[in-house]
Amino acid sequence: MKEIQDPVKMQKEIIKKTYLISLFPIISSLIAGSFDVFLGFIFGLIISTLLLRIKYNNIRRALDMNMEKAEKFIRNRYFIEYALYFIVLFTSARNTRINFLAAAVGLFMMKFTVVLWSVIDLFKDTFQSKIDEYK
Amino acid sequence: MVEFSPQVAETIIRAAALLGAGFAMIAGIGPGVGQGYAAGKAVESVARDPEARGNIITTMLLGQAVAESTGIYSLVIAIVLIFTI
C-alpha cells in the first residue's frame with residue numbers, strides 16, 4: 001500500500017480491492033436467497049464508494065486553504081458526511097426490503113479493506129526483514 | 001422493593017434506550033475534531049514540502065477513511081437502540 005504515492009491510483013486500488021473482497025458476501029447472500037441482505041450490502045457499498053470520492057475532493061480542496069480554514073472545512077464536511085451516513089442507516093432501518101446490518105457492513109467494507117491491507121503489508125514487511133536477517 | 005406495571009417498565013426501558021442513543025451520538029464528535037486537526041497539520045506539511053503533496057493526500061485519505069469508522073459505529077449503535085428497543 002505504501003508503494004502507491006498517487007492518490008487517484010490509491011483510490012482506484014482501494015475500490016478494486018474492496019469490491020473484490022465484497023464479492024464473497026454478495027455471492028453468498030445471493031446463494032442463500034436473502035435478497036434484503038444483498039440489497040443492503042450493495043446500498044452500503046455504493047454509498048461508501050461515493051463518500052470516499054467526496055472525501056478525496058474535500059482533502060484536495062482543503063490543502064489549498066490556510067490552516068484554520070482547512071481545519072474548519074474538513075470538520076464541517078465530516079459532519080455533512082456523518083449526516084449522509086445517518087440517512088443511509090436510517091433508510092435501511094426503516095425499509096423492510098433492505099437489511100440494516102448488511103448496509104452497515106457495506107459501509108464499513110472500505111475501512112475493513114484498508115485495515116486488512118495494512119495488516120497484510122505489515123506481515124509482509126516483518127517476514128521480509130526476518131528473511132533478510134536470516135540471509 | 002418497588003414493582004412497576006408492564007407499561008411503566010416498558011416506558012422506562014424505552015426512555016433509557018433513547019438516552020443511550022443520545023449518549024452514543026457523542027462519539028460522532030471526536031472523529032470530526034480529529035480529522036480537522038489532521039487537515040490543519042497536512043496543510044502545514046504541504047507548505048513546508050510542496051513536492052510531498054500526493055503522498056500527504058494519500059496518507060490523509062486512508063487516515064480519514066479509517067478514523068471515520070468509530071463515528072459510524074456509534075451511529076449504528078444509536079440506530080439499533082432507537083429502532084429495536
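**Helices side by side and across chains**

Colleague: Which angle and axis distance do α2(A) and α4(A) pack at?

Modeller: This is a predicted model, where local features need pLDDT of at least 70, side-chain atom pairs count only at pLDDT 80 or more, and totals for chains, interfaces and linings use all residues. Residues are numbered from 1 along each chain as its sequence is written, with chains lettered from A and ligands numbered from 1 in the order in which they are written. Helices here are DSSP runs (H or I, at least four residues; strands are E, at least two), numbered from the N terminus, and axes are lines fitted to C-alpha atoms, for helices over the stretch in contact, with angles from 0 to 180 degrees between N-to-C directions. For α2 (residues 35-62) of chain A and α4 (residues 100-134) of chain A, that gives about 30° and 7 Å.

Colleague: What classes of residue make up the contact of α2(A) with α4(A)?

Modeller: Contact means C-beta atoms, placed from the backbone, within 7 Å. Gly40(A) and Phe41(A) are among the α2(A) residues that take part, and Phe100(A) is one of those in α4(A). Ala, Val, Leu, Ile, Met, Phe, Trp, Tyr, Cys and Pro count as nonpolar, Asp, Glu, Lys and Arg as charged, and the others, Gly among them, as polar. The tally is 15 nonpolar, 4 polar and no charged residues.

Colleague: Which helix gives the largest share of chain B's side of the contact with chain A?

Modeller: The contact takes 31 residues from chain B and 36 from chain A. On chain B, α2 (29-48) and α3 (53-84) each supply at least two residues. The largest share, 18 residues, comes from α3(B).

Colleague: How does α2(A) lie relative to α3(B), oblique or roughly parallel?

Modeller: These two pack at about 130°, with axes 10 Å apart. Under 35 degrees is roughly parallel, over 145 roughly antiparallel, 65 to 115 roughly perpendicular, and the rest oblique. That angle therefore makes α2(A) oblique.

Technical notes:
Two residues are in contact if their C-beta atoms, placed from the backbone, lie within 7 Å.
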